[in-house]
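Open the model in your viewer and keep the selection panel at hand. The tour below goes from stop to stop, saying what to select and what is there.

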Amino acid sequence: MREFAEAMKILGEPNRLRIVKMLQERPAYVCEIAQVLGISMATVSTHLSVLKRFHIVEDKREGVKILYSLSSPQNRDIEKLLDFLKEIGENWEVTREDRKHLHSIEDVDEVCSKQGNTEA
């Protein structure tokens, strides 16, 4: 129960929830997420580290960039929570705008170079 309650708290943070909703659409690099959210890559990396600790996201290093995607949580209750999140928020203006912005990114390398070249 404690782990589920902590996951609820973690997903209650607006930027983390926005990240999860974006990653439901497609995997994304830290620099892309930072651009869409309008926050620093360091802040995005911190949010992703928290989500990774609960096996909500997973990463794959590609050179200096790290690609993040949703994973299958080890905790069945957290997995059900993520399934629930797939059902809600699809009509939220912020979800639509974030996904539109994410899909508008054509050159990931350019976005990453503008953000600072390296990711954590």
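In what order do the three strands of the open sheet lie? The order is E1-E3-E2, and the pairing is antiparallel. Note before going on that this is a predicted model.

Select strand E1 (28-29), then strand E2 (57-62) and strand E3 (65-70). E1 and E2 stand at the edges with a single partner strand each, so one side of each has no neighbour in the sheet. Between E2 and E3 there are six bridges, in the antiparallel sense. Two of the facing pairs can be picked out by residue: Val57 has Leu70 in E3 as its bridge partner, and Arg61 stands opposite Ile66 in E3.

Next, go to the turn between E2 and E3. The two strands form a hairpin with two residues between them. Gly63, in this turn, has a positive phi of about 70 degrees.

**The loops on either side of the hairpin**

Select Ser71, in the loop between E3 and H5. Is Ser71 buried or exposed? Ser71 has a relative accessible area of 15%, under the 20% cut-off, and is therefore buried. Leaving out residues up to four places away in sequence, Ser71 touches His55, Ile56, Val57 and Glu58. For a distance to check in the viewer, take the C-alpha atoms of Ser71 and Leu51: they are 20 residues apart along the chain and separated by 9.9 Å.

From Ser71, move to one of the residues it touches, His55. His55 is found in the loop between H4 and E2. With a relative accessible area of 32%, His55 is partly exposed. Its phi is near 60 degrees, a positive value in a residue other than glycine.

**The nonpolar core**

Select Leu11, Ile33, Leu48, Leu51 and Ile56: these have the most contacts inside the largest nonpolar core, which has 36 residues. Which helix gives the most to the core? H3 does, with six residues. In soluble globular proteins, nonpolar side chains tend to be buried together.

Stay on Leu11 and show what surrounds it. Apart from neighbours within four places in sequence, Leu11 is in contact with Leu17, Val20, Leu51, Ile56, Leu81, Leu82 and Leu85.

**Helix H6**

The last stop is helix H6, residues 93-104. H6 has twelve residues and reaches 16 Å from its first C-alpha to its last, close to the 16 Å expected at 1.5 Å a residue. Colour Thr95, Asp98, Arg99 and Leu102, which are buried. Look down the axis of H6: the buried residues fall within an arc of 95 degrees, so they line one face of the helix. An α-helix has 3.6 residues a turn, so residues three or four places apart point the same way. What covers the buried residues of H6 includes H2, E1 and H3.

Finish on Asp98, in this helix. Asp98 is buried, with a relative accessible area of 6%. Not counting residues up to four places away in sequence, Asp98 touches Arg18, Met22, Val36 and Leu37. The C-alpha atoms of Asp98 and Ser69, 29 residues apart along the chain, are separated by 16 Å.

Definitions and conventions:
Residues numbered from 1 in each chain as written. Predicted model: local features only at pLDDT ≥ 70, side-chain atom pairs only at ≥ 80, totals over all residues. Heavy atoms only, no water. Core = buried A, V, L, I, M, F, W, Y, C linked by side-chain atoms within 4.5 Å. Buried < 20%, exposed > 50% of the residue type's maximum accessible area, 1.4 Å probe, protein only. Helix = DSSP H or I, 4+ residues; strand = E, 2+ residues; numbered from the N terminus. Contact = heavy atoms within 4.5 Å. Pairing = 2+ DSSP bridges. Expected span 1.5 Å × (residues − 1). Arc of directions from axis to C-beta.
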